[in-house]
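Here are some exercises to work through with the model open beside you. Try each task yourself before you read its solution.

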Amino acid sequence: MHTDGYHLDDKLVRKLIDLQFENWAHLTLNRIDSAGTDNVIFRLGSDMYIRMPLIPSASDKLNKELSCIPRLPLLPLKTPEPLAVGSPAENYQSPWAIYRWIEGIEVNRGGINDINVAAETNADFIRVLHGGDISMIPSYGEHNNFRGCPLRKRDEPTRQAILNLSDIYDATELLAFWEKSLTIPSWTEEPVLVHGDIHAGNLLMNNGNISAVIDFGLMGTGDPAVDLIVNWSLLSNGARKRFRDVLGTDDNTWLRGRGWAFSTAMIAHSYYRHSNPFMTGMAKQVISEVLIDFRSKG
């Protein structure tokens with residue numbers, strides 16, 4: 001998937017554990033089947049997991065996550081709980097981290113008991129998160145792929161993705177949607193704490209209910225609209241209305257959120273088109289939902 005990836009295999013991870021955490025050397029180690037693109041996840045024993053970055057930018061995001069997680073407000077869903085940090089060694093050039101295991105499975109719309117309850121759960125989580133203290137959290141920038149920035153800053157890569165995918169989609173319609181999104185007034189109030197990457201792939205569920213939000217590597221501060229991506233990644237049209245009612249989102253923020261969903265999905269689809277079927281499938285779903293919304297509401 002990446003041209004600048006680290007060499008990583010199961011034997012190397014076992015060796016790193018045995019050398020750096022002797023008290024856990026006796027525990028079983030199993031690679032978790034995941035469609036994640038920046039990290040490889042291993043289960044360590046029964047109640048821990050390891051996050052191993054695959055590329056340099058993922059190493060930076062891991063360091064940021066480790067520094068910022070302790071500053072999160074008390075949230076209504078489970079979030080990653082770091083237990084220990086490993087050092088680069090044995091030709092593996094990245095820090096890595098051990099976390100407490102979070103029970104659950106990756107969210108999918110078909111497995112959710114009640115999509116309206118899921119909408120309320122996500123909205124409650126985002127409401128509390130956006131009210132968190134931002135005094136020690138960095139503003140958007142390269143460290144979080146500029147999540148939370150004004151949409152116009154994403155114009156060039158979004159247009160390039162539209163061009164790259166013009167053999168699949170009607171580029172005229174995509175450009176019309178994107179250009180309309182760019183006319184929405186930018187966020188002018190104080191920045192808020194944002195996760196930056198809330199979508200179906202970063203949510204877990206237990207017994208059909210949303211139970212956890214993972215991967216805070218793109219956390220920062222900025223426009224709250226970026227955290228509305230989940231509405232087009234996971235929720236149905238009716239559930240989106242419930243989400244919006246609970247969160248109390250204004251019109252401009254809502255439309256910027258739709259623009260964020262489109263931009264991130266287009267760029268992901270373009271980048272992972274030939275390397276990650278899960279990511280491209282999720283991106284296609286988002287693009288489809290956004291265009292249906294655009295055709296019916298403008």
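**Exercise 1. Work out what span helix 2 should have, and compare it with the model.**

Step 1. Helix 2 covers residues 56-68, which makes 13 residues; helices here are DSSP runs of H or I with at least four residues, strands are runs of E with at least two, and both are numbered from the N terminus.

Step 2. The expected span is 1.5 Å times one less than the number of residues, so helix 2 should span 18 Å.

Step 3. The end C-alpha atoms of helix 2 lie 19 Å apart, which agrees.

Before going on, note that this is a predicted model, where local features need pLDDT of at least 70, side-chain atom pairs count only at pLDDT 80 or more, and totals for chains, interfaces and linings use all residues. Residues are numbered from 1 along each chain as its sequence is written, and side-chain values use heavy atoms, with hydrogens and water left out.

**Exercise 2. Find the buried residues of helix 2 and the strands they pack against.**

Step 1. Buried means under 20% relative accessible area (1.4 Å probe, protein chains only). In helix 2 this picks out Ala58, Ser59, Lys61, Leu62, Lys64, Glu65, Leu66 and Cys68.

Step 2. Now look for contacts, meaning heavy atoms within 4.5 Å. The buried residues of helix 2 pack against strand 2 (39-44), strand 3 (48-53), strand 4 (82-86) and strand 5 (96-100).

**Exercise 3. Describe helix 9, from its start to what follows it.**

Step 1. At the start, a side-chain oxygen of Asn276 comes within 3.2 Å of the backbone nitrogen of Phe278.

Step 2. Among the buried residues of helix 9 are Met279, Val286 and Phe294. Their cover includes helix 5 (171-181), helix 6 (230-233), helix 7 (237-247) and helix 8 (251-272).

Step 3. After helix 9 comes Gly298, with a positive phi near 80 degrees.

Terms used: Buried means under 20% relative accessible area, exposed over 50%, partly exposed in between (1.4 Å probe, protein chains only). A polar contact is a pair of N or O atoms within 3.5 Å; within protein, one must be able to donate a hydrogen and the other to accept it, and residues adjacent in sequence count only if both atoms are side-chain atoms.
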